[in-house]
Amino acid sequence: MGISIRGKIVFITGASAGIGKATAMALAAEGAKLLLCARSTDALDPMRDELLAAGAEAVHNFALDVSKRADVAATIAALPAEWSAITILVNNAGLARGMEKLYLDDIDHWEEMIDTNTKGLLYVTRAVLPGMVDRNEGHVVNMGSTAGWMAYGGGAVYCATKAAEKILSEAMRIDLMGKAVRVTSIDPGMVETRFSEVRFGGDKERAAKVYANTTPLTPDDVADAIRWAVTRPAHVNVSSMLLTSIDQANAVTVNRRA
Ligand code: 8X3
């Protein structure tokens, strides 16, 4: 029998689209209280009614760029008292920029990926985890990737941020020994979201080619894995879930129909 997360506060970063949004919907159906952030609340606010209709006990949206260290600390410290006891943190905010060889790559792309995927995850975790430890109850779900298990050409820094996420998840589990706080890394392969469009600077045609003639995962598939991980019995820690569609064997091996 799994545990109930009804009425528990679930904080999802990057919740306005893709996997973050699908996770909000999936955990709404479990009756969670959803604390959602994205760089802007423009896309979050219209989700509120749908989330409440899906079963969320309450929804609180706020704007936060997880890569801004001072903003992360101040904004999370200033959450309304009724939203401060976060039980589940889904460190979902992340992105890829470009697909260039390392020796030619745009350093600004590196900064953005490292600042968001690695430092952003750390800043948010540092702000939220002490409360979980004090209450001796919590679960951190970090968004990893097949890219953290295997490098691919043109993905050096993106893959490195996801490899960092994998090691950080492992290290968190070690540092949390003796506490009732779980840490899970969810590691999907190709998921059809705006990920590739963002990666290629809005080039929809190039982004479509990433998923062409293959069946990628959907955001709902990944949200389903997260929902499963966070509702396991309290003594069970799902350390990682490597998740691909049937058309993908690893970060680089993809079945494309002719
Ligand atoms: C996203 C999957 O294949 O673009 O993490 O690296 S991939």
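## Ligand site, salt bridges and fold of a predicted model

A polar side-chain atom of S145 lies 2.6 Å from an oxygen atom of the ligand. The model is a predicted one, in which local features need pLDDT of at least 70 and side-chain atom pairs count only at pLDDT 80 or more, whereas totals for chains, interfaces and linings use all residues. Residues are numbered from 1 along each chain as its sequence is written, and side-chain values use heavy atoms, with hydrogens and water left out.

**The ligand and its surroundings**

An N or O atom in the side chain of Y152 is 2.7 Å from an oxygen atom of the ligand, and for the side chain of Y158 the corresponding distance is 2.5 Å. Of the 240 Å² of accessible area that the ligand has on its own, the protein covers 86%; such areas come from the Shrake-Rupley method with a 1.4 Å probe, and for residues only the protein chains shown count as cover.

The residues around the ligand are S145, A147, Y152, Y158, G189, F195 and R199, where a residue is near a molecule or strand if one of its heavy atoms lies within 4 Å of it. Sorted by class, this shell holds four nonpolar, two polar and one charged residues. In this scheme Ala, Val, Leu, Ile, Met, Phe, Trp, Tyr, Cys and Pro count as nonpolar, Asp, Glu, Lys and Arg as charged, and the others, Gly among them, as polar.

**The chain as a whole**

Eight helices and seven strands make up the secondary structure elements of the protein chain; helices (H or I, at least four residues) and strands (E, at least two) are DSSP runs, numbered from the N terminus. The radius of gyration is 18 Å, close to the 18 Å that the globule rule gives for 258 residues, so the chain is as compact as a globular protein of that length. This radius is taken over C-alpha atoms, and the globule rule is 2.2 Å times the number of residues to the power 0.38. Along the principal axes, the C-alpha atoms fill a box of roughly 50 × 40 × 35 Å.

Buried residues account for 47% of the 258 residues in the chain. Buried means under 20% relative accessible area, exposed over 50%, and partly exposed in between (1.4 Å probe, protein chains only).

**Salt bridges**

The model contains eight salt bridges, each a side-chain nitrogen of Lys or Arg within 4 Å of a carboxyl oxygen of Asp or Glu. Three of these pairs are listed below.

| Pair | Closest N to O distance |
|---|---|
| E112 and R97 | 2.9 Å |
| D115 and K119 | 3.6 Å |

E112 forms its salt bridge with R97. E112 lies in helix α4 (residues 107-135) and R97 in the loop between β4 (86-91) and α4, so the pair ties together parts that are 15 residues apart in sequence. E112 is partly exposed, with a relative accessible area of 25%.

D115 and K119 are both in helix α4, and being four residues apart they are separated by about one helical turn. D115 is partly exposed at 23% relative accessible area, as K119 is at 35%. Salt bridges that share partners also join R194, E197 and K204 into one network.

S67 is placed in the loop between β3 (58-63) and α3 (69-77), and it is buried at 17% relative accessible area.

**Other individual residues**

T184 belongs to strand β6 (residues 181-188) and is buried, with a relative accessible area of 0%. Its side chain reaches the backbone oxygen of V238 at 2.7 Å.

Most residues other than glycine have a negative phi. N136, in the loop between α4 and β5 (138-143), has a positive phi near 55° and is partly exposed at 39% relative accessible area. N213 also has a positive phi, of about 55°; N213 lies in the loop between α7 (204-211) and α8 (219-230) and is partly exposed at 46%.

Notes
Polar contact = N/O pair within 3.5 Å; in protein donor to acceptor, adjacent residues only side chain to side chain.
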